[in-house]
Amino acid sequence: MVATGKLFILSAPSGAGKTTILKKVMAKIGGLVFSVSHTTRSPRSAEENGVDYHFVSTDEFEDMRAQDLFLEWAEVHGNFYGTSRLAVLNQLTMGQDVILDIDVQGAGIIRKNDSIAAVSIFVAPPSIAELERRLRGRGTDSSETINLRLQNAVKEMESASGYDYLVINDELEQAAATLQAVIIAERSRGHRLPTGEPIMLVTDR
Ligand code: ADP
Ligand code: 5GP
């Protein structure tokens with residue numbers, strides 16, 4: 001049997017806490033590879049090139065786009081973001097589960113791609129007021145950027161019903177536990193252990 005990993009898509013309005021939740025879950029369960037996107041956005045102070053994103057110029061991004069190297073790409077909040085086709089397909093072929101942190105446009109593109117099966121999860125904040133508090137509290141974006149992200153959040157929330165699962169990030173530990181439960185349940189559906197490895201039936205007892 002060819003081992004094929006599962007593809008998970010995680011989307012959320014900016015500031016909902018998707019990155020925070022995902023880091024918690026990845027620290028708890030193994031076998032999940034985070035797909036590092038390419039972006040033309042400038043790095044935030046704590047972000048590392050090649051870890052959080054591949055930070056590239058607009059020219060580099062356009063070159064990659066012209067060569068059809070992206071599985072999906074989109075313009076989000078005024079910057080370009082894209083998922084490397086080769087990196088994701090290689091990991092899946094090796095039997096690794098891969099998680100994409102992409103926006104609602106990117107999720108829509110993957111959903112329309114019949115050759116790729118993905119499980120999609122939408123992380124929502126408990127309210128827009130709390131989303132604004134989190135964006136301001138994070139302290140990484142200018143007031144102008146925050147306002148743009150809040151405006152876009154209202155539209156992004158309208159896409160939530162198209163996802164397989166909804167996780168409300170009110171209490172952080174609870175939200176992380178819910179995402180973890182979704183991933184483990186999906187692995188069980190695919191006859192995999194909670195760690196993502198294929199189940200090997202012991203036949204020689
Ligand atoms: P995203 O990746 O969705 O843009 P982040 O993970 O960067 O969001 O979180 C935005 C901010 O909200 C961060 O400062 C983070 O510490 C905070 N945060 C995340 N989840 C919660 C929560 N459940 N309650 C309160 N603050 C949270
Ligand atoms: P941020 O700038 O806050 O890191 O991300 C902004 C938005 O871009 C988030 O919604 C995030 O999920 C999305 N994003 C990150 N990488 C990609 C990608 O490769 N493709 C798409 N379509 N969206 C992405």
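What share of the contacts in the chain with a separation of 6 or more comes from residues 24 or more positions apart? Keep that in mind as you look at this predicted model: the share is 67%.

**The whole chain.** Start with a cartoon view, where you can look for seven helices and nine strands. Now show the C-alpha trace, which spans about 65 × 40 × 30 Å along its principal axes. The radius of gyration is 17 Å, and this agrees with the value near 17 Å that a compact globule of 205 residues would have.

**The surface.** Buried residues make up 44% of the 205 residues. Colour by charge and you will find 21 positive and 27 negative side chains, with the centres of the two sets 5 Å apart.

**The aromatic rings.** Time to go inside! The structure holds six aromatic pairs. Select Tyr53 and Tyr81: their rings are tilted, 5.8 Å centre to centre with 55° between the planes. Tyr53 belongs to strand β4 (residues 53-55) and Tyr81 to strand β6 (residues 79-84), so this pair links distant parts of the chain, 28 residues apart. Both Tyr53 and Tyr81 are buried.

Next, select Phe61 and Phe80, a stacked pair at 5.5 Å centre to centre and 25° between the planes. Because Phe61 lies in helix α2 (residues 58-66) and Phe80 in strand β6, the pair ties together parts 19 residues apart in sequence. Phe61 and Phe80 are both buried.

Notes. Residues numbered from 1 in each chain as written. Chains lettered and ligands numbered in written order. Predicted model: local features only at pLDDT ≥ 70, side-chain atom pairs only at ≥ 80, totals over all residues. Heavy atoms only, no water. Helix = DSSP H or I, 4+ residues; strand = E, 2+ residues; numbered from the N terminus. Rg over C-alpha atoms; globule rule 2.2 N^0.38 Å. Buried < 20%, exposed > 50% of the residue type's maximum accessible area, 1.4 Å probe, protein only. Contact = heavy atoms within 4.5 Å. Lys, Arg positive; Asp, Glu negative; His and termini not counted. Charge placed at Lys NZ, Arg CZ, Asp CG, Glu CD. Phe/Tyr/Trp six-rings, centres within 6.5 Å; stacked < 30°, edge-to-face > 60°.
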